[in-house]
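Subject: Structure handover

Hello,

Here is the structure for your files.

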Amino acid sequence: MTEKEYNFTDIENKWQKRWDEKQSFAARVDKSKEKFYVLEMFPYPSGRIHMGHVRNYTIGDIVARHKKMKGYNVFHPMGWDSFGLPAENAAIKNNTAPFKWTSENIDYMKTQLKRLGFSYDWSREVGTYKPEYYRWNQWIFLKMLEKGLAYKKVSSVNWCPECMTVLANEQAENGVCWRCDSEVTQKELDQWFFKITDYADDLLAGHDEISGTWPEQVITMQKNWIGRSTGLKVNFKLESGEDFPIFTTRPDTVFGVTFMVIAPEHPLLDRVTDPKVKEFISRVKTQSMIDRTSEDKEKEGIDTGLKVINPFNGEKVSLYVGNFVLMGYGTGAIMAVPGHDVRDFAFAKKYNIPVKIVIDTPADPLKLEEMTGAYTGEGVCVNSGEFTGVNSSEAIEKIAAFAEKNGIGERMINYRLRDWGISRQRYWGCPIPVIYCDKCGTVPVPEKDLPVVLPTEVDFKGDATSPLTRMPEFTNVKCPACGGDARRETDTMDTFVDSSWYYARYTSPHSDKIFDEEEVNYWMSVDQYIGGIEHAVMHLLYARFFSMVLNDLGLLKNREPFKKLLTQGMVIKDGAKMSKSKGNVVDPDEIIKKFGADTVRLFMLFASPPVKDLDWSDKGVEGSYRFLSRVWRFMQKHKDLYLQEYTIDPELLSDEQKKLRIELHRTVKYVSHDIEERMQYNTAIARMMELTNALYAIDEDELYTDSGKKVFSEVVDKFIPIMNPFVPHFAEELWEDFGGKTMLVDVKWPEFTESLTIRGEIEIVFQVNGKIKTKMNVPSDITEDDMKKMAFEDHKVSELVTGKEIVKVIVVTGKLVNIVVK
C-alpha cells in the first residue's frame, strides 16, 4: 500500500479553510466555563510580517490552543495598531493616502497570519485607524478632561527633528527618538498632557499584584522610571527675599552647600542680562538630552551673578546655570555639595568653587587638601551647627524635622515620572476632540458630535507639515458653546493612546458603547500577555495607567490589565536583530512556501526558550522539517495497526512495549509541565523528539502483536494531540487519517498515568546565589552537563542570571545546581 505523502501546502490550506468555516476559534461568553484571555501585542501594519512577529504570535498560539484543549473558554483576538509615522512618511514619499496604504497592508498581513494557522477570533478584529475605534479614544480624552486628568500647557518638550513631532519622555529615553534614533532637542510648545503623575503611587502599588507573574526586570524598569524618592524641599532664598526651593534626598549634607545650579529653561533666568550668561543658556538649550544627562559628558556651567542664601546657616552662595540640571525634575534647581557628591565635586574643581566637609569619619578624618573626590559614605556630621556630632543617617530625619518646625522646609515625595505629553504635530493619528473659540476659549467637542473624523483625502505638499493645518474644511467650525466661528485642534494624539486600552475593546469591538458590560466583565483582565521588553516603560506603563483610569470611571472591574506577562527574545541573524537596513531579513512567506507553516512554527519554538533571543538557522529549519517528516512516515507506515477501541492489560505487555508506554506517558507529563508551568516549548519539543526516537528504536515485530497494536494506538491517541498546539495542521491531518471523529481543536488534552512515568527519577533543585528558585524531576542517571543546561534554560533561573556576570556554577550531581552571579 502506498503511503500518503506529507503535502504541507494542501494540508495547511485544507485545515485553515475548515477552521474558518467552522468558526473554530470564535469566542462566546460561557459562564459555565473558566475563561482564558491570551493576547499578543498587536502589530503595526507596515506591509509584511517579519520573523519577530511569527515568534511572538506562535508563542501565543501555543498558549491558546493548549488552554482550549484543557477545557478553558479561550479568547484570542487580533487587530492592528494602525496610526503612526510610517504610514504618513510612506504617503509623503509615494504620494499614497495613508488610509489606503494602511488598509492594503492590513489585508496582506492578515493573509500572512492566516497562512500560519494562528487561532485568532477574527470577528473581534480592531483597527485603531477606523473612526469606530478612535471615537472612543476621543471619548476617553473628554472623560479625562472632566476629571482634570487631561490639560494643556506651554512646556519645554522633546522634539524629534527627523520625525518633526513631539515625543513623550518615555519615547526619548537617553535623548534619542524611540522610532528613528535621531537625537532629540528641546522645544517650547503648547501641548496636551495626561496627568499620569496622579497615578504614580497606584502604578507602584500595582507592582505588588503582578509580582511573580511579570518579569522582575520589567517591574524594576518601571519602578526606576517612576522614580519615587523621599526627601526634603528646602526653601532657600534669593538676595531679593524671594523663595528659591530645591528638593534633596540628602538633607544631612545641607550645611555643605557651596553653590547652587539652575536649569537653563528656568523662568528665573529671564531676569539675567549678562550677555555671556545669555549666550551660554542659548547654546546649552540646543544640546541633545544625551549630551546634557550622560554620565561621561562634560558638565558645563556659568555663574549667573545671582546669590542664594542657605536658610540653615545664612551663607550666601553663587547660583550657576548648568547643562546637567533639567527643568522637568524637582524644582529645576539643585543644591550642590561638592564634598559629598561626585558630580558636584568635579564641577567645583573645574570652576574653582570651594569644597566643604560636613560628613566625616572620626576613625580616619578626611583632609580637604588631600581629597581627590567626594566622600559619599556615611559618617558623623561636622561643621553642621547643632547637628554636629550626629550620625549622618540620623541627621536626615532630624534636619527634616528641624526644617518643618522652623518653616524653612517640608518633607515631600518626588517622582522622576513626568506627565504624558500626547500632542503630536503630525496628520496620521486620532484627532484631539477640542475646539478653540476666541470668545469661549478651549471648548470640548460634545460627545454627541464624536467621532471627530480624520479626513482621509489629504495633500502633503511633499513635506512633513500636517495637512490638517491647511484644511479649512476641517479646522473651521462653529463653537459648540456660543455658535460663533471657531477652529479645531490640529494636533493628533500620540499613537500609544490607541494601544493603551485596545485589549479591553476586543471584548466588544462592535458595541455602540465603549464596552459591552457582560463581555468586558467576563473576559477582562488578560490572563497571558506576550510582547517585547522594549515596551516596559512605554506601552506597558501607559496600558496600566489607562486600565486604572477606566477602573476609576467604573468601566473595568480590575485595575491591572495583564495578569501574566511573557517578554519574548528577539530573532537574530548574523549576530544582529533582523532588519531591512542590515539586509538580514528572512521572509516568512519564502520559508512557508519551501517547508510549510508548521515547520516555521516548530523551529520558532524549538530553537530557543521564549525569553531568550533566537538565532536564525537555515539548518535548524531543515531539522524541524525532518522531524515532522519522521513522525509523518512512522504514522503513515503503521496506520493499519491502529485500533479505535482497546484495553491495555499491562500483564500481557513485553518489556519493549512497557518501555514504550513509559516513554509515552513521560512525554505527556513533561510536555504538559513544560507548557503549563515553565513555558519552555523548546524542551517540550525535545521530549517529543525523544518519543519519536523511541518509536523508531522499537523492534517492529513488537507493534504487530495484539498488545503492540494497543500500545501503538495509545501512542496515536496521546502523541498526536500533544503535537497539536505546536503544529496544528500536521496534527489535524494525522488525526483525521486515524479516524478522529472530531477536529483536534475540540479534543481534550491527553492525560497520563503517574505510575507509568517513573523511569528511575530524582528531584534536583536549581539555585541562584544559594537560594532555591525551582525544582525538577529528572532521570537518575542525568549528567552534570545536562543538569547545567537545564538550569540555564529554566525561565525562573534565566530571568535572574541573564545579563549578569556568572561568577561560578556549582553542580552537585543528582542534587543541585547553584549559579553564583554578581
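**Domain 1 against domain 4**

Across the interface of domain 1 and domain 4 there are 4 salt bridges, a salt bridge being a side-chain nitrogen of Lys or Arg within 4 Å of a carboxyl oxygen of Asp or Glu. Before the rest, the ground rules. This is a predicted model, in which local features need pLDDT of at least 70 and side-chain atom pairs count only at pLDDT 80 or more, while totals for chains, interfaces and linings use all residues. Residues are numbered from 1 along each chain as its sequence is written, and side-chain values use heavy atoms, with hydrogens and water left out.

The domain assignment of the protein chain lists domain 1 (8-128 + 499-577), domain 2 (142-195 + 419-495), domain 3 (229-414), domain 4 (638-757) and domain 5 (761-821). These bounds come from an automatic or database domain assignment.

The centres of domain 1 and domain 4, taken over C-alpha atoms, are 32 Å apart. The contact (heavy atoms within 4.5 Å) takes 23 residues from domain 1 and 21 residues from domain 4.

Together the two domains bury about 2100 Å², with 70% of it on carbon and sulfur atoms. Buried area here is the accessible area (1.4 Å probe) that two parts lose on being put together, summed over both. Ile62, His66 and Met69 supply 36% of what domain 1 buries against domain 4, more than any other three residues.

Polar contacts also cross this interface: 9 residue pairs, both at pLDDT 80 or more. A polar contact is a pair of N or O atoms within 3.5 Å; within protein, one must be able to donate a hydrogen and the other to accept it, and residues adjacent in sequence count only if both atoms are side-chain atoms.

On the side of domain 1 that touches domain 4, α1 (8-22) and α2 (51-69) are the elements that give two or more residues. α1 gives the most, with 8 residues. Helices (H or I, at least four residues) and strands (E, at least two) are DSSP runs, numbered from the N terminus.

**Salt bridges**

The structure holds 51 salt bridges.

- Arg115 and Asp589: the closest N and O atoms are 3.0 Å apart. Arg115 sits in helix α4 (residues 98-115) and Asp589 in helix α16 (residues 588-595), so the pair ties together parts 474 residues apart in sequence. Arg115 is partly exposed at 29% relative accessibility; Asp589 is buried at 12%. Buried means under 20% relative accessible area, exposed over 50%, partly exposed in between (1.4 Å probe, protein chains only).
- Lys350 and Glu298: the N to O distance is 2.2 Å. Lys350 is in helix α10 (residues 342-350) and Glu298 in the loop between α9 (289-293) and β9 (301-309), 52 residues apart. Lys350 is partly exposed at 36%, and Glu298 is exposed at 52%.
- Glu754 and Lys669: these side chains meet at 2.8 Å, N to O. Glu754 lies in the loop between α22 (728-737) and β27 (761-768) and Lys669 in helix α19 (residues 655-678), so the pair ties together parts 85 residues apart in sequence. Glu754 is partly exposed at 42%; Lys669 is buried at 13%.
- Glu676 and Lys70: the closest N and O atoms are 3.5 Å apart.

There is also a network. Salt bridges that share partners join Lys4, Lys14, Arg18, Glu733, Glu736 and Asp737.

Best regards
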